[in-house]
Amino acid sequence: MSHPSVEDIKINSHHLRGTLAEGLQDTTTGSLSFDDQRTIKFHGSYQQDDRDLRDERRRQKLEPAHQFMVRIRAPGGVFSTQEWLALDQVATTYASHSLRVTTRQTFQLHGIIKRELKEAMQMIYASGLDTVSACGDVNRNVLGASNPLLSHLHAQVHDWAQRLSAYFKPKTQAYYEVWLDQPPATQMEEEPLYGEAYLPRKFKIAVAVPPYNDVDVFANDVGLIAIIDDAGALAGFNVAIGGSMGASHGIPSHYPRVANVIGFVTPEQVFAIAEAAVTVQRDLGDRKDRKHARFKYTIDDHGSDKIVAMMEERAGFKLQPARPYTFEHNGDRFGWLQGEDQRWHLTLSLPSGRIADTEGRPLLTGMREIAKVHQGHFRMTCNQNVIIADVPEDQRERIDALVEQYGLDRENKAPTALARTAVSCVALPTCALAMAESERYLPGFLGLLEPLLDKHGLREQPILFRMSGCPNGCSRPYLAEIALVGKAPGRYNLMLGGDHRGMRMNTTYLDNATEPDILKTLDTLLGRYAAEREPGEHFGDFLHRAALIALPAYPTHVRVDPSEAI
């Protein structure tokens with residue numbers, strides 16, 4: 001059976017309404033129609049099913065165990081305690097009794113069945129949150145630096161994330177009509193920015209504050225790098241374009257890419273240059289091959305010079321030369337840190353961002369109890385961790401007691417530095433694209449790596465490790481020093497050579513490898529690193545200096561100077 005193209009579905013959806021309202025009322029199936037499964041993404045939800053149950057349900061002649069994932073729009077990743085408690089209630093009432101911090105600095109809730117989806121959406125909205133454009137072919141959740149040490153700059157960056165999110169939010173009222181039963185629009189709607197067909201694919205924006213690249217700014221379609229003047233004020237932003245982690249196994253024309261810096265803008269110019277990037281992608285992006293539809297391909301197909309010239313023409317000004325900046329690392333700093341205003345911030349490492357109650361470790365309950373007494377707010381990080389932020393000095397002891405009681409800092413005390421910063425995607429059983437395990441496999445694989453790190457004296461050496469169940473790259477594996485990218489059950493591509501700053505991509509070292517081969521290879525390479533590294537040298541940098549890995553043909557490192565050749 002042939003289905004209409006996604007482009008046709010968008011155009012014919014009546015500005016993202018489709019037949020969602022009718023489909024939600026259909027009690028004969030737990031699924032939505034093919035068209036509505038595409039439309040609902042713009043409302044912040046994906047239809048999934050429990051793949052662990054597929055074969056058994058097929059044998060029983062039952063349809064798959066359909067369920068829905070819901071993603072929150074939370075630019076900058078900041079949540080109040082009231083919002084946290086509300087999402088906890090949604091998770092325990094309608095979802096899988098867990099909250100999952102994503103690499104887009106927000107929450108996903110899994111396992112919501114169709115007949116309860118509308119009530120869950122209404123509960124989310126009642127808390128002051130929504131899921132508008134958290135998915136779909138529009139600008140997604142805008143990332144903002146979660147660095148708690150630079151409080152005045154963080155506040156400005158968070159404000160920029162909020163403003164950019166609002167600016168690029170679709171104008172359609174479909175979300176409010178479908179989920180909140182608001183009256184239909186009485187006037188003809190227009191999408192002046194997106195047009196009738198919206199964008200060819202998703203679009204991502206991030207704002208980083210050097211020297212910490214904790215949002216992996218170069219993995220985004222548009223990256224804004226804050227430039228601070230001599231007085232400590234925000235002078236403006238360097239602009240980077242063309243980042244994306246998506247790829248396909250065996251198709252050279254589908255590749256990950258880092259964004260490259262094209263120039264500097266003042267704060268007053270940010271909206272104009274960002275809108276120019278979005279509209280150029282809207283008009284030139286590939287609408288025939290969705291796997292070739294991201295902004296990176298538009299840039300590479302038409303040439304960076306042409307794209308930048310079009311952006312400048314649409315923005316109405318020339319970009320200034322990029323200004324100097326330095327990134328030191330792209331990870332989170334765990335434990336207590338004090339900000340400029342003397343308030344305290346506690347960063348907790350979470351296992352793959354999953355907050356759930358498991359045997360002997362009630363994470364969801366523990367965070368709920370903290371939210372009940374916490375006087376500040378929470379910040380999600382792009383590395384799937386949580387910051388209990390804005391804690392007064394006299395409340396630290398109370399927070400510490402709850403953290404200890406519920407074992408919330410177990411990952412902070414993980415036996416290796418690599419394990420404390422490891423990231424994985426959800427993969428099986430809910431992701432339809434997963435080719436191999438990721439979140440469920442990560443703890444066991446980290447346990448197998450531990451003796452190798454011990455053997456070579458690298459227990460406390462920070463090495464960036466990421467795991468993905470497929471090549472689409474939600475966990476940003478291509479920027480890791482070591483990454484496993486799923487290819488089939490029990491088989492992964494071993495990727496090596498990214499850097500600790502998020503400015504260089506890795507490359508394939510082993511293809512379609514099994515666990516024993518991966519561990520044997522890492523044992524050898526880690527041994528050489530331990531014996532031959534220079535003082536302060538990171539693992540990915542060593543692999544390049546020692547010529548142990550080769551660079552792929554596509555651009556793999558960030559051009560800081562626009563005139564620099566790859």
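Strands here are DSSP E runs of at least two residues, helices are H or I runs of at least four, and both are numbered from the N terminus.

This is a predicted model, in which local features need pLDDT of at least 70 and side-chain atom pairs count only at pLDDT 80 or more, while totals for chains, interfaces and linings use all residues. Residues are numbered from 1 along each chain as its sequence is written, and side-chain values use heavy atoms, without hydrogens and water.

| Partner of β12 | Sense | Bridges |
|---|---|---|
| β11 (residues 335-338) | antiparallel | 4 bridges |
| β16 (residues 386-391) | antiparallel | 4 bridges |

Q338 stands opposite W344 of β12, and V386 in β16 is the bridge partner of L348. The hairpin of β11 and β12 has 5 residues between the strands, and Q342 there takes a positive phi near 75°.

Elsewhere, helix α5 (residues 81-93) packs with helix α6 (residues 114-126) at an angle of about 170°, their axes 9 Å apart. Therefore α5 is roughly antiparallel to α6 (an angle over 145 degrees). Contact (heavy atoms within 4.5 Å) involves A86, L87, Q89, V90 and T93 of α5 with E116, A120, M123 and I124 of α6.

Note on methods
Axes fitted to C-alpha atoms, helices over the stretch in contact; angles between N-to-C directions. Parallel < 35°, antiparallel > 145°, perpendicular 65-115°, else oblique. Pairing = 2+ DSSP bridges.
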